[in-house]
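Open the model in your viewer and keep the selection tool at hand. The stops below run from the whole chain down to single residues.

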Amino acid sequence: MSSFAGLAERVTVPEWKTVPQAEASGEPKAASVFRMIENGLAVAPTVSVVVPAKNEARNLAHVFASIPAWVDEVLLVDGHSVDDTVAEAQRLLPDVRIVSQQGHGKGDALREGFSACKGDIIVMLDADGSTDGGELPRFVSALMAGADFVKGSRFASGGGSDDITGTRRLGNWVLSTLVNLLFGTKYTDLCYGYNAFWAHHLPALDLNCDGFEIETVMNIRAAKVGLRVHEVPSHEHSRVHGQSNLHVARDGWRIAKFIVREWLAARGLKRRVVDSPVREAQVPTAGTPIAELPADNA
Ligand SMILES: Nc1nc2c(ncn2[C@@H]2O[C@H](COP(=O)(O)OP(=O)(O)OP(=O)(O)O)[C@@H](O)[C@H]2O)c(=O)[nH]1
Ligand SMILES: [Mg+2]
């Protein structure tokens, strides 16, 4: 378990309580330990937090201070920053793992960060101070309760935003409605950067996009492969310092094109499934991991 020297003093979290699993169950000694993540809830799975950051040096103190001390690793994916993002991250959090992004774009950054994670659970958190690490127990709790993929929602009951403009709200509603119609989902928020999932579902998500469409594509793929998706309310704060990298019209149009692309791909897949006699033999059984089920909800 990593120490994150310096972080624990700044963050108010419940006292560490490690209980060997074997002691709790009376079974032979196991490697896992439970950690208290909030009052009345202890978890054994390890948690990685991925923070994509492009010129966010001035926001990192705020962001890191919100990350609870029970998090096992924090990965900062640096997007060719020209400010002191990397040095500041290392100064604030000596245990931080720096991933130097090879490509460009938030989607590319998250993909590189996800593939470097060692935790059982992966959580994505923005570096501009808009997403609050203090909400992490909600995401982890939902995963522990049976979800495969947990999306934060600013528009679920209990959520909110200090940041969203009228234009963005409308655009997000239109895109969410389109996805719900095309994929049979009931998402209340589509383009939000606070999500968490079990790391073993990463191959099923098969992420291959580079830009701000990444959250949308993740949400669609999660539905397409049959993952159990839960929404939890989240409050989006205003960016603390600096300027957004998102261009509403350009990125909104790009997201719309990705939605249509995913829909066409799902229809093609469905046709192949229907045409192929081999698929007949692949009817899922009770023991089949849900991420390996064929897509069927286009
Ligand atoms: N590594 C990396 N991070 C990026 C890149 N583009 C954006 N980010 C980060 O992704 C997060 C979200 O980007 P923002 O620019 O805040 O965009 P947004 O949150 O969608 O839009 P706002 O609501 O206007 O803030 C921030 O932490 C950015 O620093 C990139 O190309 N590489
Ligand atoms: Mg932002």
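Among contacts in the chain between residues at least 6 apart in sequence, what percentage join residues at least 24 apart? The figure is 74%. This is a predicted model, and every value in the tour is computed from it. Colour the chain by secondary structure to begin with: it has 10 helices and 12 strands. Of its 298 residues, 42% count as buried.

**Stop 1: helix α9**

Select residues 214-224, which make up helix α9. How many of the 11 residues of α9 are buried? The count is 11 of the 11, so the helix is largely enclosed by the rest of the structure. The buried set runs I214, E215, T216, V217, M218, N219, I220, R221, A222, A223 and K224; charged side chains belong to this set as well, among them E215, R221 and K224.

Now pick A223, a residue of α9. A223 counts as buried because 23 C-beta neighbours lie inside 10 Å, where the cut-off for buried is 20 or more. Step past the end of α9 to G226, which follows the helix and has a positive phi, near 85°.

**Stop 2: α7 against α9**

The crossing of α7 past α9 is right-handed.

Display the side chains where the two helices meet. From α7 come L175, V179 and F183, and from α9 come T216, N219, I220, A223 and K224. By type, the residues of this contact divide into 5 nonpolar, 2 polar and 1 charged.

**Stop 3: helix α5**

Select residues 106-116 for helix α5. Here 9 of the 11 residues are buried, so α5 is largely enclosed by the rest of the structure. The buried residues are K106, G107, D108, A109, L110, R111, E112, G113 and F114. To see what covers them, show β4, β5, β6, β7 (121-124), α8 and α9, which are among the covering elements.

**Stop 4: helix α4**

Move to residues 85-92, helix α4. Which residues of α4 are buried? They are T85, E88 and A89. Look down the axis of α4: the buried residues fall within an arc of 100°, so they line one face of the helix. An α-helix has 3.6 residues a turn, so residues three or four places apart point the same way. The cover over the buried residues of α4 includes β4 (47-53), α3 (60-66), β5 (73-78) and β6 (97-100).

**Stop 5: two loop residues**

Select N55, in the loop between β4 and α3. N55 is not a glycine, yet its phi is positive, about 55°. Then select D206, in the loop between α8 (202-205) and α9. D206 is also a residue other than glycine with a positive phi, near 50°. D206 counts as exposed, because it has 10 C-beta neighbours inside 10 Å.

Methods
Residues are numbered from 1 along each chain as its sequence is written. Chains are lettered from A and ligands numbered from 1 in the order in which they are written. This is a predicted model: local features need pLDDT of at least 70, side-chain atom pairs count only at pLDDT 80 or more; totals for chains, interfaces and linings use all residues. Axes are lines fitted to C-alpha atoms, for helices over the stretch in contact, and angles run from 0 to 180 degrees between N-to-C directions. Helices (H or I, at least four residues) and strands (E, at least two) are DSSP runs, numbered from the N terminus. A crossing is left-handed if the near helix is turned anticlockwise from the far one by less than a right angle, and right-handed if clockwise. Two residues are in contact if their C-beta atoms, placed from the backbone, lie within 7 Å. A residue is buried if 20 or more other C-beta atoms lie within 10 Å of its own, exposed if 12 or fewer, and partly exposed in between; C-beta atoms are placed from the backbone. The arc is that of the directions from the helix axis to the C-beta atoms.
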